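Me: I am new to this structure. Could you walk me through how to read it, one feature at a time?

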There are 4 protein chains.
Amino acid sequence: MSTFGQFLRVTTYGESHCPSVGCIVDNFPPGIPVSEEILQPQISRRRPGQNSLTTPRNEADLVSIQSGVEGGISLGTPIAMVVKNQDHRPADYKGDTMKQYPRPSHADFTYLEKYGVRASSGGGRSSARETIGRVAAGALCEHYLKLAHGIEIVAWVSSVGNIHQNPPTAEYPITSHNPKFLQLLQEVSRESVDKSPVRCPDPEVAAKMEQCIADFRDRQDSIGGTVSCVIRNVPTGLGEPVFSKLEATLAHGMLSIPATKGFEIGSGFEGTEIPGSAHNDMFIKHPDTTASGSKNGFARPTLATSTNNSGGIQGGITNGAPIFFRVAFKPPATIGLPQETVTFAGERDGLLEAKGRHDPCVVPRAVPIVEAMASIAIMDALLLQGGRRMATLSS
Amino acid sequence: MSTFGQFLRVTTYGESHCPSVGCIVDNFPPGIPVSEEILQPQISRRRPGQNSLTTPRNEADLVSIQSGVEGGISLGTPIAMVVKNQDHRPADYKGDTMKQYPRPSHADFTYLEKYGVRASSGGGRSSARETIGRVAAGALCEHYLKLAHGIEIVAWVSSVGNIHQNPPTAEYPITSHNPKFLQLLQEVSRESVDKSPVRCPDPEVAAKMEQCIADFRDRQDSIGGTVSCVIRNVPTGLGEPVFSKLEATLAHGMLSIPATKGFEIGSGFEGTEIPGSAHNDMFIKHPDTTASGSKNGFARPTLATSTNNSGGIQGGITNGAPIFFRVAFKPPATIGLPQETVTFAGERDGLLEAKGRHDPCVVPRAVPIVEAMASIAIMDALLLQGGRRMATLSS
Amino acid sequence: MSTFGQFLRVTTYGESHCPSVGCIVDNFPPGIPVSEEILQPQISRRRPGQNSLTTPRNEADLVSIQSGVEGGISLGTPIAMVVKNQDHRPADYKGDTMKQYPRPSHADFTYLEKYGVRASSGGGRSSARETIGRVAAGALCEHYLKLAHGIEIVAWVSSVGNIHQNPPTAEYPITSHNPKFLQLLQEVSRESVDKSPVRCPDPEVAAKMEQCIADFRDRQDSIGGTVSCVIRNVPTGLGEPVFSKLEATLAHGMLSIPATKGFEIGSGFEGTEIPGSAHNDMFIKHPDTTASGSKNGFARPTLATSTNNSGGIQGGITNGAPIFFRVAFKPPATIGLPQETVTFAGERDGLLEAKGRHDPCVVPRAVPIVEAMASIAIMDALLLQGGRRMATLSS
Amino acid sequence: MSTFGQFLRVTTYGESHCPSVGCIVDNFPPGIPVSEEILQPQISRRRPGQNSLTTPRNEADLVSIQSGVEGGISLGTPIAMVVKNQDHRPADYKGDTMKQYPRPSHADFTYLEKYGVRASSGGGRSSARETIGRVAAGALCEHYLKLAHGIEIVAWVSSVGNIHQNPPTAEYPITSHNPKFLQLLQEVSRESVDKSPVRCPDPEVAAKMEQCIADFRDRQDSIGGTVSCVIRNVPTGLGEPVFSKLEATLAHGMLSIPATKGFEIGSGFEGTEIPGSAHNDMFIKHPDTTASGSKNGFARPTLATSTNNSGGIQGGITNGAPIFFRVAFKPPATIGLPQETVTFAGERDGLLEAKGRHDPCVVPRAVPIVEAMASIAIMDALLLQGGRRMATLSS
């Protein structure tokens, strides 16, 4: 299915070699200032070829709003957004060879098994270009969340290969206990992330990551990594038990991004190894006295927690603490190194070598995509809970 | 929302202290032999008090089919299933104290923030009892998948605290490269899993896990762990790009289970640290010559892969290899150790001590729940792809 | 599919000869007083055998709430409701004969074509008993709508055969222009409807309708009719363009009721025959000066219309005027008169005669079912618009 | 909501004065030949200004496929279709006057009540231009239905004002009993419909209808009418009990078309006035001996009915007979005659006179829109049932 969200619904379309890619965002609230200028920065951030670490293809990727906005104000009707594909023709890597050979760990084979026909790009909608529609929709949602609730969503590269920004230490075997990490959650900003091309806010680690990616690039190989994300200033009460728990919706959104292999929230996999007595987040009186009162119909909580192993979500519902999670991205499947393979018919007679230049590592470009999916998931949860609160007040 | 699935739709209801819990399964195919006897084993497997490691509450949990089945055959109409709650009254741990204090890392606080009212159990639908409806629905789906396609779904406890069944080794830093692990994926059965109360198929590791859980139990503390799951004999072509990629749907289902903190598929987080050249799964001619032809409308693939870092899914679509994934469960929040806390009003004056006996570790009981959510997700994907294939043949 | 509604979602289950029928209502607001006593009256109103005009089967039909309510207050979690089937065994009309012959204009044939298996009742979920789940859910919604917004929903029998309560007259060829009809829309109450067993609020017409039904009953034949419905005090702004226009959702709900053949809103089919100049509803200042201000977040309109050919909905959205519509019900297919038919195999050798007593006319019993579907549709629209308003206020 | 359909999902966007209107069709089957040439005829048929009876605006309305099709073959991925709006600027009738006055029986008032902001066209998505996306999607579905199953969908104008094509007669008070009407159902074709500009296949009646419309046009007034539609060669078994009964889905689709006020299927409202003994459709052996065997997975039925008061649907499921229904359209609200009205603020001081030329009757242009919604509804039902059949075969 090509739709994400239950109240705020995003439907995307498009593959690599069709006239355009884009999306329709349904049920975006009316009366919100919206313009292409607000959306373009995130779309530009996901564009390839921004630096020597990523594919130097020249894609302008200018977003155009087709509907739902008049005079710079949203009408409440569906907002369609379109980005033209510069090149409709099959690209280099789609020559005769690829027509006979499924590329290893790409979606060439599975798309053919599923649909019985094959797009010229092989993997159809598994193309990274499909993510443009998500980023456009996500930028729209993020804009609303910031405007209406001051919500901040920031993602960054937390590891490349085995270079980790906040590895477990002897003192803090669990990252979510590490004060340095907790401080980062409070402070990390899009500006600090974008200071390095690798999009890691720690300059020293970023330098190592860049070197690592450059090494794999030079070896015609590729490497994976992780993207972490924090969502601050989220109202309490978001997330719909039981099947739309917020962590479930976030996991769904993240694992729908190409090349992802894992998701963990709060203490994550590390949290499975410590005792409950160390993992439980103790309640305290909310320290922010200005947090009382309500904002746009959402009351501020009276309680906070002294730790945040829960990652801001308990029982599938936000507790007001920062939400943070981490997403695993595998190494890109397209590499210059020769790889033995067989034809679609199963004959072993081939070596596959990708020509041209390819991303040796996707995580820097994945940062705005992770932010986009987080924005859509949070906004959907916000609208659903808003509907409930409105109905509850009514009684 | 309380519904999971798009074609095969499962809607659950119920909390700890209401008359019953259960579910409605919509769009289950007609003409399938169905009985309560087929469903009961999985429901009994999730029951607490099966051994000294888990809560010794006496819950019979007999499932009763209410509709959609006549003469032991499914009608194609909604199948409602009900399990009575033995005890409708507030339990021990729901005394005066709990009414004033939100239990740390439980959903007491967030449910109140969300709904403005509180169930007697505090966390409403965050109760483990809610999972009965899922297990009933999952058992139904698993039964169909086995019958119609020979699909096998087996989950097991792969770690308790820091005791791992298949830890990374010097030779195999990536578990999905470890031949011993790959053999386990082929061989693990529900029988081998149930040999130990801790539900780890490796007897030596199981013994250590049991000891670990017993230690935490004796210390009035708790510990987390992971559950792994393999799905064998899956047809190719399942999973709906782009937002219902099969790994996304599986992640969604798993993170909707109470106490989960993470999900990884195939090489997972480990896979982010190895080169693409080592991660790519090379295509080979399918070794199983009996796999040609088709089964129930789903053709068997001509290709397989020599490795399986993808975990059976590429581009969100199954490639016919075993699907395997791992789910992280945090340590249970309810512990006997005293914990400082504050009242709902934010006054710091309390110590919370859980009375009675509580699960020191949930992963053994989580095994059938993981299997249930996997079954539902796979069956939904199967029906969706079946609809497509039928439409495609029609052209 | 067995679910109706997008935000407020009702999923029903059950057929004639299974243990129970019922439903799950998801996303009902928390904090609302709810009890079985509130729901039972509507369920009892749809029960057969309430008088000599309808089937005298003895069905107690007591509703039991299974979840989502504690201490008489809704929790915001799914509310499951169950009504036991008194008789699980195949009934009289399900003897050998029916097994060979599809009953004319029943769903015996089409259910078998669709599902390939047959329920003992022949038509599976086409049984009138299926509507119990809807009526339970509708009673819950109606209760909320009344409590939160003072919304009143009243349906009544507007025709039986060719006996019409408000036939077109020379003076008023269009019913929606007839002052007597407009007054009825303002005044009709459940009490005035229930004064006659036929559920027509006009005693004289009701007497003729009763006689008409009795005649058809005595002739072992059956007759159809129409049910009209008015919804008063609806806030403006309900209905979601473009595919969930309120009239579309109402039509969907009504045509999902067994035996329905038509739906018209406002001026309906008659309205197609008059000029636009006579059909347009002119705007006037809202006459009710107490209508200013807002109620539970929904502002009262400043404008009203001097006529109401629109039936309270313009562009798919409520304008604050009473919503009224009419639903056509065909004559019941089960009659005592002998009917020639063929076996499922196509052999012409049979006469079908229904034994026992059957409803000669369904419209009196359809009244609470129409009210139920209207209640669910309105509440869903209200919650969706509430979510939007909440989001809009936030900007 | 802007999405219609559960498996085959159509999401539309756009209003009168934005850059484009269009839609995304999700889950269209792969491997189907698709081109803009196939879609354009229906889009052109709904275009205004095709003759003197309708608005002479010059809208080229060329559809452009954006995605999901390569080399003229559908990929199975979302098919986005776009039609540019020629004129983004506010039109004549959107001058100062309209900004102060809500047009009677338009959606100006209700859109403002709902969204709090107003599109320059007043009624936002209530514009007839919104229907282009539906017609594009419908043309795509119709093409598939014809290709895969030989299904034919034809709509025509069955009445304008009080001029009816097949009025009840003394001999046949019920239209569905009238042999002339039944013959029309078998024979009516798009060609015979398009012979007259008014789109009534009976030349004599068409001439009267044209005169009627011309009279209303000359009087600066408007008139309503009805559109009837037949769907031939539908497989048995389509339609999903209980809330997606096919007649419910058709009613939903039809009532979502602007200006509709009613829907009736088969015998419709007339059918409420005849006895069950005359209304029941008797089963006979299927007369078409070539109908045995199966087509594209859907078996042909062994039984037919001797009459068709059911309109091809029984219990919400197709029985193989032609489906036919009728839709009521009100007279257009925009008329040249002066109308008294009040400002949005409720001040009575205005006369509204529409300038320029406007459609005096919408039914001729509504014909392809009715066909479009029917096509989408049938295709969705077909895919759902296909998924079930595939799953059933599997058992």
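Reply: Begin with a helix in chain B. The buried residues of H8(B) are B:Leu246, B:Glu247, B:Ala248, B:Thr249, B:Leu250, B:Ala251, B:His252, B:Gly253, B:Met254 and B:Leu255. Helices (H or I, at least four residues) and strands (E, at least two) are DSSP runs, numbered from the N terminus. This is a predicted model: local features need pLDDT of at least 70, side-chain atom pairs count only at pLDDT 80 or more, and totals for chains, interfaces and linings use all residues. Residues are numbered from 1 along each chain as its sequence is written, while chains are lettered from A and ligands numbered from 1 in the order in which they are written.

Me: How many residues of helix H8 of chain B are buried?

Reply: A residue is buried if 20 or more other C-beta atoms, placed from the backbone, lie within 10 Å of its own. In H8(B), residues 246-255, that holds for 10 of the 10, so the helix is largely enclosed by the rest of the structure.

Me: Which strands make up the open sheet in chain D?

Reply: Strands of a sheet pair through backbone hydrogen bonds, either parallel or antiparallel. Here two strands pair if DSSP finds at least two bridges between them. The open sheet has 5 strands in the order E1-E2-E3-E7-E4 (chain D), paired antiparallel. Strands E1 (3-4) and E4 (63-65) of chain D are the edges, each pairing on one side only. E1(D) joins E2(D), residues 9-13, over 2 bridges. D:Phe4 stands opposite D:Val10 in E2(D).

Me: What does H4(D) touch on the sheet?

Reply: H4(D) touches E2, E3 (20-26), E4 and E7 of chain D. Contact means C-beta atoms, placed from the backbone, within 7 Å. The direction of H4(D) makes about 35 degrees with that of E3(D). Axes are lines fitted to C-alpha atoms, for helices over the stretch in contact, and angles run from 0 to 180 degrees between N-to-C directions.

Me: At what angle do H1 and H4 of chain D pack?

Reply: H1(D), residues 36-46, and H4(D), residues 131-149, pack at about 140 degrees, with axes 8 Å apart. The two are therefore oblique to each other. Under 35 degrees counts as roughly parallel, over 145 as roughly antiparallel, 65 to 115 as roughly perpendicular, and the rest as oblique. Residues of H1(D) in this contact include D:Ile38 and D:Leu39, and those of H4(D) include D:Val135 and D:Ala139.

Me: How many residues of chain A are in contact with chain C?

Reply: 23 residues of chain A meet 23 of chain C. H10(A) gives the most to the chain A side, with 10 residues.

Terms used. Two residues are in contact if their C-beta atoms, placed from the backbone, lie within 7 Å. A residue is buried if 20 or more other C-beta atoms lie within 10 Å of its own, exposed if 12 or fewer, and partly exposed in between; C-beta atoms are placed from the backbone.
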